[in-house]
Amino acid sequence: MKRSTWASPYFIFLLLFVALPLILILVYAFQDNEGHFTFQHFVKFASESESINTFTYSIEIAVITTLLCLLLGYPAAWILSNKALNRSSVTIILFILPMWINMLVRTLATVALFDFMSLPLGEGALIFGMVYNFLPFMIYPIYNTMQKMDHSYEAAAQDLGATPSQVFRKVTLPLSMPGVSSGILMVFMPTISTFAIAELLTMNKVKLFGTTIQENINNGMWNYGSCLALIMLVIIGITMLYSDEQSAQDDEKGGLI
């Protein structure tokens, strides 16, 4: 039996559950209710201020969440990877442990926490819940990159008279950028498309782009919902391409250090 034969189940899985849904989204996005080719859904999206505002607001929330996760996650990853500051693997498990729990359960726990503290549910609760849910996805790739980093570069920089801040800016930060890029991608992509967190933490007062897509699909508006999903996929695809280019550049810079 050829080795390629063992890949057949995975190929079938990708074909049925990845390629086929994407093809259906593409087909439905360019069809009207009668099945005729049309651009009317894209025109409708561009002409509706509510859809544009929701889309812009979703990107804004995703950017804010990603930045907060980066500001909180990078120092945490640096501390976890520093053997002088963290000598126990239990601490690492505590940071990764939330990833083992279903996101819906964590969000419901956040709602209960806000109710217990008598705090209002709204935009603030939404951002808090986003950061709480996606922070481990920022910490882990950065920690993983720092853990595998060649620390002899830092020692060489110190031997050459570099201060701790210079070592961090000139050596540690550039070498950790692949992990930062992966973390940003892992946080930004699901944040821009989520809807359950927004519904639970704002009591449906704040609508994100993922919520708009869900509402259209649930109401039987498959064509317009597919159009919105396709627009979101294009944005995510552009983000992934840009991230891959940045990762390649960071790897080249790391190899030159």
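In the predicted model, the crossing of helices α5 and α6 is right-handed. Helix α5 spans residues 103–116 and helix α6 spans residues 123–147. Their axes come within 10 Å and cross at roughly 140°. Because angles over 145 degrees would be needed for a roughly antiparallel arrangement, α5 and α6 are classed as oblique to each other. On the α5 side, the contact is made by Met103, Arg106, Thr107, Thr110 and Phe114. The α6 side contributes Ala125, Phe128, Gly129, Tyr132, Asn133, Phe134 and Phe137.

Helix α6 also crosses helix α3, and this crossing is right-handed as well. The axes of α3 and α6 come within 6 Å, at an angle of roughly 45°. The two helices are therefore oblique to each other. Helix α3 covers residues 49–81 and contains Thr65. With a relative accessibility of 0%, Thr65 counts as buried. When residues up to four places away in sequence are not counted, Thr65 touches Met130, Val131, Val187 and Thr191. Of these partners, Met130 and Val131 fall within the residue range of α6, whereas Val187 and Thr191 fall within that of helix α8, residues 164–193.

Phe45 belongs to helix α2 (residues 40–47) and Phe209 to helix α10 (residues 209–218).

Tyr74 has a relative accessibility of 10% and counts as buried, while Phe168, at 31%, counts as partly exposed. The limit that applies to Tyr74 is 20% relative accessible area, under which a residue is buried.

Other aromatic residues are grouped or take part in a contact with a charge. Phe30, Phe37, Phe39 and Phe42 form one aromatic cluster. The charged end of Lys44 sits over the ring of Tyr224, at 4.2 Å from the ring centre. Helix α11, which spans residues 222–256, contains Tyr242. Tyr242 has a relative accessible area of 53% and is exposed. Although Tyr242 and Ser181 are 61 residues apart in sequence, their C-alpha atoms are 9.7 Å apart in space.

Pro174 is placed in helix α8. Its relative accessibility is 23%, and Pro174 counts as partly exposed. Pro174 and Lys205 are 31 residues apart in sequence, and the distance between their C-alpha atoms is 41 Å.

Key. Residues numbered from 1 in each chain as written. Predicted model: local features only at pLDDT ≥ 70, side-chain atom pairs only at ≥ 80, totals over all residues. Heavy atoms only, no water. Helix = DSSP H or I, 4+ residues; strand = E, 2+ residues; numbered from the N terminus. Buried < 20%, exposed > 50% of the residue type's maximum accessible area, 1.4 Å probe, protein only. Phe/Tyr/Trp six-rings, centres within 6.5 Å; stacked < 30°, edge-to-face > 60°. Lys NZ or Arg CZ within 6 Å of the ring centre and 35° of its normal. Axes fitted to C-alpha atoms, helices over the stretch in contact; angles between N-to-C directions. Parallel < 35°, antiparallel > 145°, perpendicular 65-115°, else oblique. Left-handed = near helix turned anticlockwise from the far one by under 90°. Contact = heavy atoms within 4.5 Å.
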